[in-house]
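Good morning. Please look at the model on the screen, and I will walk you through a few places in it.

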Amino acid sequence: MARLLALLLLLLPSAAGAQTVADRLRHAAIAGDGVDRLVAAHRLAVKPVVQELVRVSAAATLAGRPDSARAASSAAARLASAFQAAFGEASLSLVVESLGRWDAEQLRSKLAADSLLAAGVAVRQQQPETARGLFAAALEAYRGIGDRHGEAETLGQIGYVTWFLERPAYVERNLEALAARRAVDDRQLVGNTLNDLGLGYRDVEKNLPKALEAYRESEAVRRAIGDTLALSRLLPNMGRVFEGLGDFSAARAYYLDGGAMYLAVGDTARWIGQMSNTAGLLTDYADRHAEALAILLSLDRALDRSGDARARAVVLSNAGIIRRRLGDFEGAVEAYREAIRLSEENGFDDLLAKAYNNLGVLYIFLSRSDRAVPILERALGRTAADDHDGRADALLSLSSAHFQQRDYERARYYSARADSVVADPVRRAKAVKMRADIELRDGEPEAAIPAFRELLALGTRLEVPMLVSDGHFGLAEAYERSGRATEAVTAYDEALQTLESARGRLYTQEDKAGYLAQSRYLYEEVLHFLTRQAIGEAPVGQVSPGQRPRFAEKAFEVAERGKARAFLDQMAEALAGVREGVDPGLQEDLEALSRNMTTLREQLAAADPDSQATEIAELKGLVASMETEYERVEREMRAQNPRFAAMRYPDPVTLSELRAEVLRPGELLLQYSLGDSSSTLWAVTRDGFSIHRLPVRSEIEGQVQVLRAALEIPDDASLERFALPARALFDGLLGPVAGLLAGADELTVVPDGALSYLPFEVLLSGPAGADFRSAPYLVRQVPIAYVQSASVLRQLRREVTPEFTHQLLAVGDPMFSDGGELGDLRGRGLSRLPFTGAEVSAIGGLFEPASQVVLMEDEASEARVRESLAGRKYRYVHFATHGLVDDDRPDNSALALAGTGGDALLEVKEIFNLDVDAELVVLSACETGLGQLVKGEGVVGLTRAFMYAGAPAVVVSLWSVSDRSTSTLMRGFYRNLVTRTGIDRSLQAAKLALLESAETAHPFHWAPFVLVGKGE
């Protein structure tokens, strides 16, 4: 028996080196020992061993070795019996039983058929026609000897190659295979064919419910038999079907599940694909852009390791879409162009078409349809004829581009072509919207109403908020153009409620700000409509004079709903203490990640791009990975905290509430909303309000740019260059409310867009006069404070003033390196600011020594600042140092402190985690009031960080300041503060003092510092 066993094992294949599962099954089956246990543990490995033993037995019989034949047959029978006992499946027993009734000729046919089948499988993708011939010959042989299992297996292979050769017959061939495979009770083969049928129903017959039915049955089989590899490839297909059916929650779950399984079986390329699909789903249908971008950033190093150019092109294209929706247009263009380059170099025509389409859509979004059209024509030209979704995308984008150019004939032409090929329900909804928009602009408004109602129904069924809001907005505009103002107001309100509801489900502040930025133009459209009604510019007969105040109230409400909502939510979270009580370990992780990212960015800034390209690429990868991890830890901290789960974000303040509850006697609030069609100004006091139309955004922004250019050059000869825009902006921005302004005791300005960079104090109410000292600046009339929105002002004034333990924490004249004279932070040489030391010393002299902490030179470090803040509450916190502003990533903006590397920077993300319950924070540094300007949100940067950390008022600068004049201004400001004359009045008086001197009368010296927040 031992000699026979050894001979039989020589006839069987075996992996070199360590014994495989198949080897162990063979040994156990031949020896008749431990078969049941091994079979139960390795279900999927049993069938190939049984089939091999059957072939060995047949070959041994034909070679005249009956003992070997019987030994192999017996081993196969043991495995088949154990398999049937363990799993209740008779397929392998059927294979073994056939051996006993076949004669020599039939055994030869069996071996020949097996060879034909194996040869066909080997070439089925590269040579499907050859494979089909081999399968046909094998099928004939199997049927000739009554091998039902071989017949069932071969029918499935014929079904497979039909995809390449005769696609309309694909479902029919696989149904035939499914019947045969069920008849022989081979569940693995049944699962394979059900998967193929799902593909056929989905892509050939376009029957998604039938596809889902087949896929679900296949999933049940795969899970029952533990076929992890096949299941990992099935789940993403199910995700695509759910996506097509509009069940995006289920689609995301299947993509993530499939991705996890790909990773488990070591298929990195497919895992990357599924993570990219998940990111696309989050951004397309859930507006969770920050989470989607974090997923894609996390793939970067895996893409490098895989070397998969196609996967990288897909990820880049998806990243471009997400960056566009987050408002990072430059990043989007860069991602699209890199995807185009990779696709062109590697011949990925389908990906090239998508990248071109995405780039074209971006240009449409930027109102550059002239650039979009040729790019979209390239996209259409590169799209395969049978890629219906791709062709629909390109055609719809071309229709949109021509629509933007008001070429309605071409827009209608491309829309009709798209309508003829579109099948996906979301694309169907987009085609309906395009048709409705064309009817609205180029036809009768009443004719567009049914199409917009159809769009609304589709969006509601699919649960896609943007489609629902598009339906409401379209209906509103159609009603407006039809003279049905009341119905238009209702539809506009429903549209905004849809946007608000979707925004409320978003998780991160980046998502909320990005969502508001991309939908801001919708708020502007509603505001333009309501303003026209409120001031009586609408067509006669729509709104009576008595109804106008109601429209003005509504217009203010809409403006507030579109302003600084992400920041308002942040303020509410700060008041609720959502960071309190979280896992200390997570807090430590967050701080460590922040320090490490800062250090890496310093290394990146110092690296030589010519000689250290590899090191730079590695550093960028590390930074991206850490940013992803930072966002993940932040989400986990929020999820852990029951206070966060119980948060109720504040509703925007109404005009009535603002007047009755927020504004003080003698206070005038001016709120601006800039728009492409017109801009709006509200002037609000406790006694009443007025609403005014202003010039369009581009005109105002142009004037602001001219004025800022003059402000930043302290040259007396430039008086006229300064005075012209300063007077024009006064007339344009304040002229309509000059009477109210003259009687105001204090002014609160709610800026918008570029107005966030304008110090209103410099505006001139009349002729400039002889020099800068005599000019009629607004600062002479009234103290001014700025705030992100009226709702934020309400939130700030609701805060309870804490009990202060100290009067002052002052930080100044930090040593930026060991040498003390020059530091290098983020690639910028920073010299010491000698006047800041004198500034801090002078301010400190105004307070009792026991009530202050002053940190200078080496003491002015991040560690000492943190230590000084711990357990203390200061009335005033003062930083006199350099400010470093990162417009692209505002959370990286920082104050420069003593030390080297990352420890010398106090970054926005770190400030958010500090406890700074001060009455006032003063950032006596360059450009501390600047940052990223996000539509609808305003400036995101250092100011917001300190307000989130607990300061209701922050003094910041709007341009690079003079060290000497800043020191003088700050000393006067604090001398006024200690007399308790109010923050806004103290700053006003300090500025007026500088105006009296010829050396500092130019606004460059006294105007850069503005007060943001509470002025009292």
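Which side chain makes a polar contact with the side chain of Arg-202 at 2.8 Å? The side chain of Asp-203 does. A polar contact is a pair of N or O atoms within 3.5 Å; within protein, one must be able to donate a hydrogen and the other to accept it, and residues adjacent in sequence count only if both atoms are side-chain atoms.

Some ground rules. This is a predicted model: local features need pLDDT of at least 70, side-chain atom pairs count only at pLDDT 80 or more, and totals for chains, interfaces and linings use all residues. Residues are numbered from 1 along each chain as its sequence is written, and side-chain values use heavy atoms, with hydrogens and water left out.

Back to Arg-202. It lies in helix 11 (residues 187–204). Helices (H or I, at least four residues) and strands (E, at least two) are DSSP runs, numbered from the N terminus. Arg-202 has a relative accessible area of 7%, so it is buried. Buried means under 20% relative accessible area, exposed over 50%, partly exposed in between (1.4 Å probe, protein chains only). The side chain of Arg-202 also makes a polar contact with the side chain of Asn-237, at 3.4 Å.

Next, the rings. There are 18 aromatic pairs in the structure. Take Phe-722 and Phe-772: ring centres 5.7 Å apart, planes at 45°, so this pair is tilted. Here are the cut-offs: rings of Phe, Tyr and Trp (its six-membered ring) pair if their centres lie within 6.5 Å; planes under 30 degrees apart count as stacked, over 60 as edge-to-face and the rest as tilted. Phe-722 is buried at 0% relative accessible area, and Phe-772 is buried at 3%. Ring pairs join Phe-722, Phe-772, Tyr-777 and Trp-1006 into a cluster.

Last stop, strand 14 (residues 920–924). Of its 5 residues, 5 are buried. Which way do they point? Leu-920, Val-922 and Ser-924 point one way, Val-921 and Leu-923 the other. In a regular strand the side chains alternate between the two faces of the sheet.

Strand 14 has partners. Two strands pair if DSSP finds at least two bridges between them. Strand 10 (residues 874–880) runs parallel to strand 14, joined by 5 bridges. There, Val-877 stands opposite Val-921. Strand 17 (residues 953–957) also pairs with strand 14 in the parallel sense, over 2 bridges. Val-922 has Val-955 of strand 17 as its bridge partner.
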